[in-house]
Amino acid sequence: MNDNGHPFDRRRLLAGAAAASAVTLTGLTVASTTGTAAAAPARTGTPLLTRDRIAAAVLRSPGGSASAVGVQADFHARLAVWLAFWSANSPRTWSAPTQVVARIEPAGDALVLHAIRYRRDDETYAGFAAARRDAAHLATLASLHHHFPSVRVRPDGTIRVGDGPAGFTGAPEQIAFAVAACRELWGDAAATAGRWPEHAGRVLARAGQPADAASHAGWAAFTRTSLRRGLGTESYE
């Protein structure tokens with residue numbers, strides 16, 4: 001399937017919220033290609049925002065309730081940009097996300113993601129569901145690695161995301177994702193933790209974006225193409 005229309009116009013509200021949120025991130029994005037992301041700034045005493053949405057999507061608890069939660073301002077901004085990115089690279093038959101099922105941790109700088117829901121033909125579907133270990137699960141994981149330095153899959157399939165500037169850090173979770181993506185999304189069964197940059201480099205060359213996957217630009221390209229591959233919006237064949 002190659003459904004690469006990327007209809008940004010029908011997602012203008014979500015993308016607009018993300019663009020506004022991006023202003024908050026100015027000066028925080030890591031531009032280094034050394035593979036090391038800067039640590040998130042200390043927030044001792046920083047008041048939390050009270051929010052019941054991420055961009056245009058209603059934020060629901062795993063139990064199903066919709067209620068406002070406390071969240072750090074820069075983390076909420078990054079989440080809005082991430083959700084717009086996920087949506088813009090989803091199939092054109094999907095609406096912008098209508099619900100994000102997640103739990104925000106008490107400090108307001110980490111989220112545990114359970115589901116992302118959208119509408120199609122007046123029905124609600126899960127574009128990502130924690131318990132469903134499929135290509136969309138890996139694609140969503142790719143989108144989170146694109147935007148955050150700390151992304152960890154828990155045993156139940158939920159994904160814990162910690163705040164901070166995006167970038168390749170060499171964390172075991174990043175390497176485990178890269179190996180899984182090469183094997184399961186890109187069909188490279190020989191990918192290993194020790195030689196993953198070589199395998200990911202072949203993926204980028206195949207996508208017409210040759211780069212060192214362990215660099216800042218290469219990691220961004222690898223996670224972006226893996227998102228599109230996993231959601232079926234680009235095959236790169």
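Buried means under 20% relative accessible area, exposed means over 50%, and partly exposed lies in between (1.4 Å probe, protein chains only).

**Entry 1, ground rules.** I noted that this is a predicted model, in which local features need pLDDT of at least 70 and side-chain atom pairs count only at pLDDT 80 or more, while totals for chains, interfaces and linings use all residues. Residues are numbered from 1 along each chain as its sequence is written, and side-chain values use heavy atoms, with hydrogens and water left out.

I looked for salt bridges (a side-chain nitrogen of Lys or Arg within 4 Å of a carboxyl oxygen of Asp or Glu), and the whole structure holds nine. R202 pairs with D188, their closest N and O atoms being 3.4 Å apart; because R202 lies in helix 5 and D188 in the loop between helix 4 (172–185) and helix 5, the pair ties together parts that are 14 residues apart in sequence. R202 is partly exposed at 41% relative accessibility, whereas D188 is buried at 15%.

I then checked E198 and R195, whose closest N and O atoms are 2.6 Å apart in a salt bridge. E198 is partly exposed at 35%, and R195 is partly exposed at 48%.

Notes
Helix = DSSP H or I, 4+ residues; strand = E, 2+ residues; numbered from the N terminus.
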